[in-house]
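Visitor: I would like to learn how to read the packing in a model like this one. Please take me through it feature by feature.

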Amino acid sequence: MEGGAVSLPIYAEYKDSGVEWLGLVPAHWSMKRLRTVAELNPSKSEISAFDRETEVSFLPMEAIGDDGALSLDRTRPIRDVESGYTYFRDGDVALAKITPCFENGKGALMQGLQQGVGFGTTELIVARPRLTQTSGEYLNWIFRSPGFRKQGEASMYGAGGQKRVPDDFVRNLSWAFPPMPEQAAISAFLDRETAKIDALIAEQEKLIVLLAEKRQATISHAVTRGLNPAATMKDSGVAWLGEVPAHWEVRRLGTLTSKIGSGKTPSGGADVYGDVGVMFLRSQNIYDEGLMLDDVVFISESIDEEMAGTRVKGGDILLNITGASLGRTCLVPDEFTRANVNQHVCIVRLAELEFRAFVSLALKSSPIKAQIDATQNGAAREGLNFEQIGKLALPLPPACEQREIEMFVATELNKLDALSTESARATALLKERRSALIAAAVTGQIDVRQTM
């Protein structure tokens with residue numbers, strides 16, 4: 001089986017499904033269009049007898065997980081949701097139809113709804129199984145299978161972030177269905193086996209979080225306490241820093257810099273961005289781990305010339321100063337020769353270049369991030385101004401000790417990052433295995449009847 005998920009027997013006899021992408025299916029399975037096994041988007045008129053003050057479940061898109069989980073803590077009276085929202089009840093199967101939610105697998109078997117009834121985002125397609133033909137559990141596994149998702153992506157209409165899967169895709173899709181007892185066996189098998197895989201994935205994801213916490217702690221301790229546990233300490237005079245080695249200085253960032261400033265949005269806004277030209281860095285490109293350039297955009301030479309004052313140089317420190325990513329920072333590599341930034345990214349250029357690596361590390365530390373959180377304007381992470389950035393207090397050891405700390409941190413982070421990369425790879429393989437298992441089971445490429 002694809003991905004080597006498990007070693008299971010196959011069926012004794014197969015037939016051509018008549019659907020090119022589906023290929024061969026077990027000979028006793030029946031090809032059916034989904035509209036014959038499920039009712040799409042059932043009418044809310046069936047709850048017309050309910051009191052309009054009755055509280056029912058309410059599910060915005062964020063209440064439906066990529067893993068099929070439901071968050072059922074929200075309720076609303078029927079009178080508030082019966083117009084303008086999608087209706088469903090226990091036993092129905094819902095799937096997101098808008099990108100990227102569809103591709104990410106958002107969808108669920110509806111269970112545990114208040115009064116057995118729910119309403120949610122209009123970006124859902126709801127399928128109610130005809131119980132002589134299929135079950136909600138089995139239909140949900142079909143909707144979660146890679147083949148279904150791939151065909152749905154190919155049918156999407158619209159542009160950009162507004163692409164949607166049409167209802168008719170689900171209504172008219174042909175699929176091979178086994179007899180009902182076999183559907184139950186496949187559903188039970190997938191429930192059991194994917195739960196095992198999900199537990200392994202959860203362990204790996206927990207490890208990745210712990211490694212990230214260890215990474216942060218390693219940086220923070222080294223740049224605020226140093227490497228000598230026996231060093232004499234002194235009060236830094238800054239609540240967020242606490243004690244630092246007695247022979248260290250505490251300096252305001254502005255006393256170390258030749259430039260603190262941000263860019264701006266080019267005239268013309270996002271329409272000026274392209275795939276070639278001068279790299280234009282935004283907050284989504286700035287991470288504590290370094291520059292992330294997967295979705296970088298470019299501006300023309302002429303626009304870059306207009307914004308000459310905000311060009312980035314190798315050795316600059318970039319700091320996100322607004323929004324949810326406020327405080328993320330990275331050191332620009334020396335070989336980086338040409339880029340510009342927008343108004344959400346601050347360029348911190350040091351007057352003494354030998355301090356840049358240590359200062360960049362210090363800005364990643366928990367005490368400095370605590371200063372940033374306490375200094376920013378407003379409760380909605382409205383951002384930092386240049387004066388506030390210049391007043392950030394940093395510990396500063398002698399230059400030779402800075403080098404030792406930088407080397408120590410680099411060595412430790414390499415170890416942690418290698419473990420994190422290994423764990424991320426294991427997580428990806430487990431997710432591939434899970435997808436392969438679902439695909440094989442609901443298309444009859446494996447026979448799970450003897451596994452119960």
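Visitor: How do the axes of helix α3 and helix α6 cross?

Guide: Start with the terms. Helices (H or I, at least four residues) and strands (E, at least two) are DSSP runs, numbered from the N terminus. Axes are lines fitted to C-alpha atoms, for helices over the stretch in contact, and angles run from 0 to 180 degrees between N-to-C directions. Here, α3 covers residues 136-143 and α6 covers residues 180-225; their axes come within 9 Å and cross at roughly 60°. That makes α3 oblique to α6. On this scale, angles under 35 degrees are roughly parallel, over 145 roughly antiparallel, 65 to 115 roughly perpendicular, and the rest oblique. This is a predicted model: local features need pLDDT of at least 70, side-chain atom pairs count only at pLDDT 80 or more, and totals for chains, interfaces and linings use all residues. Residues are numbered from 1 along each chain as its sequence is written, and side-chain values use heavy atoms, with hydrogens and water left out.

Visitor: Is the crossing of α3 and α6 left-handed or right-handed?

Guide: Left-handed. The rule: the near helix is turned anticlockwise from the far one by less than a right angle; clockwise would be right-handed.

Visitor: Which residues make the contact?

Guide: Contact means heavy atoms within 4.5 Å. From α3 come Glu-137, Tyr-138 and Trp-141; from α6 come Gln-183, Ile-186, Ser-187, Leu-190, Asp-191 and Thr-194. By class, the contact of α3 with α6 has four nonpolar, three polar and two charged residues. Ala, Val, Leu, Ile, Met, Phe, Trp, Tyr, Cys and Pro count as nonpolar, Asp, Glu, Lys and Arg as charged, and the others, Gly among them, as polar.

Visitor: How do α3 and α11 cross?

Guide: Their axes come within 9 Å and cross at roughly 120°. α3 and α11 are therefore oblique to each other. This crossing is left-handed. Tyr-138, Trp-141 and Ile-142 in α3 meet Arg-434, Ile-438 and Val-442 in α11. The residues of that contact split into five nonpolar, no polar and one charged.

Visitor: Which residues touch the most other members of the largest nonpolar core?

Guide: First, the idea. A nonpolar core is a set of buried Ala, Val, Leu, Ile, Met, Phe, Trp, Tyr and Cys residues joined through side-chain atoms within 4.5 Å. Buried means under 20% relative accessible area, exposed over 50%, partly exposed in between (1.4 Å probe, protein chains only). The largest core holds 42 residues, and Leu-34, Ile-142, Phe-143, Phe-148, Val-170, Trp-175 and Leu-190 touch the most other members. Helix α11 (residues 399-442) gives the most to this core, with six residues. Apart from it lies another core, of 35 residues, including Trp-248 and Leu-361.

Visitor: What is Leu-34 in contact with?

Guide: Set aside neighbours within four places in sequence. Leu-34 then contacts Leu-139, Phe-143, Phe-148, Val-170, Arg-171, Leu-173, Trp-175 and Phe-177.

Visitor: Which residues of helix α4 are buried?

Guide: In α4 (residues 146-155), they are Gly-147, Phe-148, Arg-149 and Gly-152. The buried residues of α4 pack against α1 (34-37), β8, α3, α5 (167-172) and β12 (174-177).

Visitor: How many residues of helix α8 are buried?

Guide: Eight of the nine in α8 (residues 356-364). Among them are Phe-358, Leu-361 and Leu-363. The axes of α8 and α9 (residues 366-375) come within 5 Å and cross at roughly 65°. Ala-362, Leu-363 and Lys-364 of α8 contact Ser-366, Ile-368 and Lys-369 of α9.

Visitor: Is the peptide bond from Thr-99 to Pro-100 cis or trans?

Guide: Cis, with omega near -5°. Thr-99 sits in the loop between β8 (93-96) and β9 (107-109). Thr-99 is buried, at 15% relative accessible area. Beyond four places in sequence, Thr-99 contacts Met-156, Gly-160, Gly-161, Gln-162 and Lys-163. The C-alpha atoms of Thr-99 and Gly-160 are separated by 8.4 Å, though 61 residues apart along the chain.

Visitor: What is phi of Asn-41?

Guide: Near 50°, a positive value in a residue other than glycine. Asn-41 lies in the loop between β4 (38-40) and β5 (55-59). Asn-41 is partly exposed, at 31% relative accessibility. Gln-115 also has a positive phi, near 60°.
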